[in-house]
Amino acid sequence: MTGSAAKKQLLLFDVDGTLTLPRQKITPAMKAFMQEVRKKVPIAVVGGSDIGKIVEQLGDSLEDVLSQYDYVFSENGMVGYHGDVKFPVTDLGDYFGEQKLQKVVNFCLKYMGDIELPVKCGNFIERRKGMLNVSPIGRSCSQKHREEFNEYDKVHGIRAKMVETLEKEFADYKMRFVIGGQISFDVFPEGWDKTYCLQYLADKFGDIHFFGDKTSPGGNDYDIFVDERTTGHTVSGPDDTKAKISAIIN
């Protein structure tokens, strides 16, 4: 890293629970605030969701989102953009092979089939480029059911128990099972957490501040939060994110 790069600052943000409420659209006020921030320092986002969901939350189109942030990473960085330049895409199937992936998928489906919840919907496993996203209630649930499951999960530990079981069952697969958001957890190879995106940033910015809400051990922001290449900030929502940004750049 050159001397100038060592001094360059970048603000890097999780999406759900950080720039937006979980799976909600960014508010006009927050959107305008971020553009004011960008006038002072480069900004980037890294989310676990696929790029389509990030676009739904942060803008009107992919082009719109790419014009608002200097770097945009989805699926922990497996899919990434710098302006209109797209970084090479990494695929989960190529890494593990279909046979291993199907063993995990089949085990998850059988496990979830034995769980009794107040309500179950559909789309229990979503296969993305860089991860599997597993949701015991199903990703097609309504916002009301999403919030109800989140509260139910806090009491009964549905996701935590399932993650613990998977970690034991597939201990030799070198997989990570990481809880994120309100209704699901992610499955990906070791090293494919959100620190993956830092390979595109760490040699250009020596002062990277990361903001996220799931920064405790087991959360999908934890690895990048504690990484030596970042300064981590735990936030409780968009308003808290605003306050912590203001403390840094003002």
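**View 1. Asp-223 in helix H9 of the predicted model.** Asp-223 lies in helix H9, which spans residues 222-226, and the structure shown here and in the other views is a predicted model. With a relative accessibility of 18%, Asp-223 counts as buried, because the cut-off for that class is under 20% relative accessible area. Once its neighbours within four places in sequence are set aside, Asp-223 is in contact with Arg-176, Asp-193 and Thr-195.

View 2. An unreviewed UniProt entry lists Asp-14 and Asp-16 under the feature "active site", and the lining of the largest cavity includes both Asp-14 and Asp-16. Asp-14 is placed in the loop between strand S1 (9-13) and helix H2 (28-38). The relative accessibility of Asp-14 is 5%, so this residue counts as buried. Residues up to four places away in sequence not being counted, Asp-14 touches Leu-19, Val-46, Lys-194, Phe-210, Phe-211, Gly-212, Asp-213 and Asp-221.

View 3. In the unreviewed UniProt entry, the feature "binding site" is placed at Arg-23, Arg-128, Arg-139, Arg-146, Ser-184 and Asp-186. Of these, the lining of the largest cavity includes Arg-23, Arg-128, Arg-139, Arg-146, Ser-184 and Asp-186. Arg-146 belongs to helix H7, residues 143-156, and counts as buried because its relative accessibility is 7%. Apart from residues up to four places away in sequence, Arg-146 touches Arg-23, Arg-139, Cys-141, Gln-182 and Ile-183. Ser-184, for its part, is found in strand S9, residues 184-189, and its relative accessibility of 6% means that Ser-184 counts as buried. The contacts of Ser-184, again without residues up to four places away in sequence, are with Asn-133, Val-134, Ser-135, Arg-139, Arg-159 and Ile-179.

View 4. Four strands form an open sheet in the order S6-S7-S9-S8, and their pairing is antiparallel. Strand S6 (125-127) and strand S8 (175-180) are the edge strands, each of them pairing on one side only. From one strand to the next, the twist averages 20 degrees. S6 is joined to strand S7 (residues 132-134) in the antiparallel sense over three bridges, and Arg-127 stands opposite Leu-132 in S7. Helix H6, residues 98-113, packs on the sheet and touches S6, S7, S8 and S9, while the direction of H6 makes about 160 degrees with that of S6.

View 5. H7 and helix H8 (residues 158-169) pack at an angle of about 60 degrees, and their axes are 6 Å apart. The two helices, H7 and H8, are therefore oblique to each other. On the H7 side the contact is made by Phe-149, Asn-150, Tyr-152, Asp-153 and His-156, and on the H8 side by Ile-158, Arg-159 and Lys-161.

Terms used
Residues are numbered from 1 along each chain as its sequence is written. This is a predicted model: local features need pLDDT of at least 70, side-chain atom pairs count only at pLDDT 80 or more; totals for chains, interfaces and linings use all residues. Side-chain values use heavy atoms; hydrogens and water are left out. UniProt positions are given in the numbering used here, feature names are shortened, and annotations may be inferred rather than shown by experiment. On a 1 Å grid over the protein atoms alone, a cavity is a set of points where a 1.4 Å probe fits but cannot get out, and a pocket is an open set with protein on both sides within 12 Å along at least five of seven lines; lining residues have an atom within 4 Å of a point. Buried means under 20% relative accessible area, exposed over 50%, partly exposed in between (1.4 Å probe, protein chains only). Contact means heavy atoms within 4.5 Å. Two strands pair if DSSP finds at least two bridges between them. Axes are lines fitted to C-alpha atoms, for helices over the stretch in contact, and angles run from 0 to 180 degrees between N-to-C directions. Angles under 35 degrees count as roughly parallel, over 145 as roughly antiparallel, 65 to 115 as roughly perpendicular and the rest as oblique.
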